[in-house]
Amino acid sequence: MSAKDAGGGKEGPGEKGFRIPGLRGAQTSTLFRAVNPELFIRPNKPVMAFGVVTITLCVAYLGYMHATRENEQQLYEAVDSHGERYMRRKTSKWD
């Protein structure tokens with residue numbers, strides 16, 4: 001038998017005053033727990049990793065769309081009255 005079993009169910013000296021750390025051990029209302037569940041639920045690593053990857057891919061896609069949009073600007077080479085060439089963006093008659 002171990003020393004723990006031999007004690008007859010008595011708590012050790014360090015376990016008597018043990019409290020749950022953080023807000024899990026605090027007295028809170030049901031509304032507070034419903035509004036702030038992230039304070040009471042342990043982190044889920046796979047879901048966290050999935051979220052980080054998803055957000056990263058979304059930001060990368062937005063950057064890609066922005067880069068390709070800049071390349072698609074409809075430019076043409078125009079010649080001014082002095083004979084100099086320059087690039088000009090096509091405009092609509094509606095603008």
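The questions below move from the overall make-up of the chain to particular residues.

Visitor: In what order do the elements of the protein run from the N terminus on?
Guide: The model is a predicted one, and its secondary structure amounts to three helices and two strands. Read from the N terminus on, these elements follow the order α-α-α-β-β.

Visitor: What percentage of the residues of the protein count as buried?
Guide: Burial here requires a relative accessible area under 20%. The protein exposes about 9,400 Å², of which carbon and sulfur atoms supply 59%. Of its 95 residues, the share that counts as buried is 3%.

Visitor: Which residue in β2 is the bridge partner of Val79?
Guide: Strand β1 covers residues 75-79 and strand β2 covers residues 85-89, and the two run antiparallel, joined by five bridges. In one of the pairings between them, Val79 has as its partner in β2 the residue Arg85.

Visitor: Which residue in the hairpin of β1 and β2 takes a positive phi near 90 degrees?
Guide: The hairpin has five residues between its strands. The residue in this hairpin with a positive phi near 90 degrees is Gly83.

Terms used:
Residues are numbered from 1 along each chain as its sequence is written. This is a predicted model: local features need pLDDT of at least 70, side-chain atom pairs count only at pLDDT 80 or more; totals for chains, interfaces and linings use all residues. Side-chain values use heavy atoms; hydrogens and water are left out. Helices (H or I, at least four residues) and strands (E, at least two) are DSSP runs, numbered from the N terminus. Buried means under 20% relative accessible area, exposed over 50%, partly exposed in between (1.4 Å probe, protein chains only). Accessible areas come from the Shrake-Rupley method with a 1.4 Å probe; for residues, only the protein chains shown count as cover. Two strands pair if DSSP finds at least two bridges between them.
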